[in-house]
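Let's go through it by asking how we know what we say about it.

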Amino acid sequence: MTDPLPGQIRLDIFADPVCPWCLIGKAELDRALESRPEHPFAITWHPFRLDPQMPAAGMDHVAYMKMKFGDEKGILAAMKPVMEASERLGLWINPALIERVPNTLNAHRLLYWAGLEGAQTPVMSGLMRAHWREGRNISNPDVLAEIGEKAGMDGAMIRRLLATDADRDEIASREMHARQRGINSVPTFIVADSHVVTGAQPASLWQDVIDELARR
């Protein structure tokens, strides 16, 4: 967890990189932060798997979508607002490239280690880009090591850690704690450990929050 510096305010984000609304919610937040470079937030990303019962090897993407949304008509209806929002934000995602929906436990382990090095946000960006734009398997150790390296982490160390059970229990414990606190969907944002904001909120909401905090 990132400890806020004097004058900073904690912003805890519970998200999963394979959740499309987490992708969109992050993009909206990023827009707000870019427009308010003096924002007070110290951001920490927390593990919350969209599908905690996902098999370790993941699932075929088409089979997964049919399981969740039924037939092709249901899939298209579910993805339409996602595609519209991603195009509006210039994300240019390409779900057709996704062959498998991964179990994101390893991705969350990487995010946890990134937090120890102050690299969580670029790692989350890399995970989302790899999954949504490049269709890469973000449970693959080589993919995760590459993402970590691009964020300034030690790729060889990431590979060694992923080959062990390091911090699997830590991730499971943190996720269980989040659910016990009443978090049941992602993205969920908690401002200053007290104000809960759920869902992919527009940049304008975050701009208003930042402006209100500045006035205080």
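Q: Where does arginine 49 lie?

A: This is a predicted model, and in it arginine 49 sits in the loop that runs between strand S2 (41-47) and strand S3 (59-60).

Q: Why is arginine 49 called buried?

A: Its relative accessible area is 13%. Buried means under 20%, so arginine 49 gets the label.

Q: What makes the link between the side chains of arginine 49 and glutamate 175 a polar contact?

A: The two side chains are joined at 2.9 Å. The cut-off for such a pair of N or O atoms is within 3.5 Å, so this one counts. Leaving aside neighbours within four places in sequence, arginine 49 is also in contact with other residues, including Asp16, Asn103 and His108.

Q: Which residues line the second largest cavity?

A: Arg49 turns up again here, along with Asp16, Val18, Leu50, Asp51, Met54, Tyr64, Val101, Pro102, Asn103 and Thr104. That lining divides into 6 nonpolar, 2 polar and 3 charged residues.

Q: How do you know that the second largest cavity belongs among the cavities of 30 Å³ or more?

A: It holds about 60 Å³ of space, and the search of the whole structure, which takes cavities of 30 Å³ or more, finds 2 of them.

Q: Which residues of helix H2 (residues 61-69) are buried?

A: They are His61, Tyr64 and Met65.

Q: Why can we say that the buried residues of H2 line one face of the helix?

A: Look down the axis of H2: its buried residues fall within an arc of 95°, so they line one face. What they pack against is S3, helix H3 (72-88) and strand S4 (100-101).

Q: What does asparagine 106 touch, not counting residues up to four places away in sequence?

A: It touches Ser139, Leu144, Leu162 and Arg168. A polar atom of the asparagine 106 side chain lies 3.5 Å from the backbone oxygen of serine 139, and a polar contact of 2.8 Å joins the side chains of asparagine 106 and arginine 109.

How values were computed:
Residues are numbered from 1 along each chain as its sequence is written. This is a predicted model: local features need pLDDT of at least 70, side-chain atom pairs count only at pLDDT 80 or more; totals for chains, interfaces and linings use all residues. Side-chain values use heavy atoms; hydrogens and water are left out. On a 1 Å grid over the protein atoms alone, a cavity is a set of points where a 1.4 Å probe fits but cannot get out, and a pocket is an open set with protein on both sides within 12 Å along at least five of seven lines; lining residues have an atom within 4 Å of a point. Grid points are joined across faces, edges and corners, and a volume is the space filled by probe spheres set on the points. Ala, Val, Leu, Ile, Met, Phe, Trp, Tyr, Cys and Pro count as nonpolar, Asp, Glu, Lys and Arg as charged, and the others, Gly among them, as polar. Helices (H or I, at least four residues) and strands (E, at least two) are DSSP runs, numbered from the N terminus. Buried means under 20% relative accessible area, exposed over 50%, partly exposed in between (1.4 Å probe, protein chains only). Contact means heavy atoms within 4.5 Å. A polar contact is a pair of N or O atoms within 3.5 Å; within protein, one must be able to donate a hydrogen and the other to accept it, and residues adjacent in sequence count only if both atoms are side-chain atoms. The arc is that of the directions from the helix axis to the C-beta atoms.
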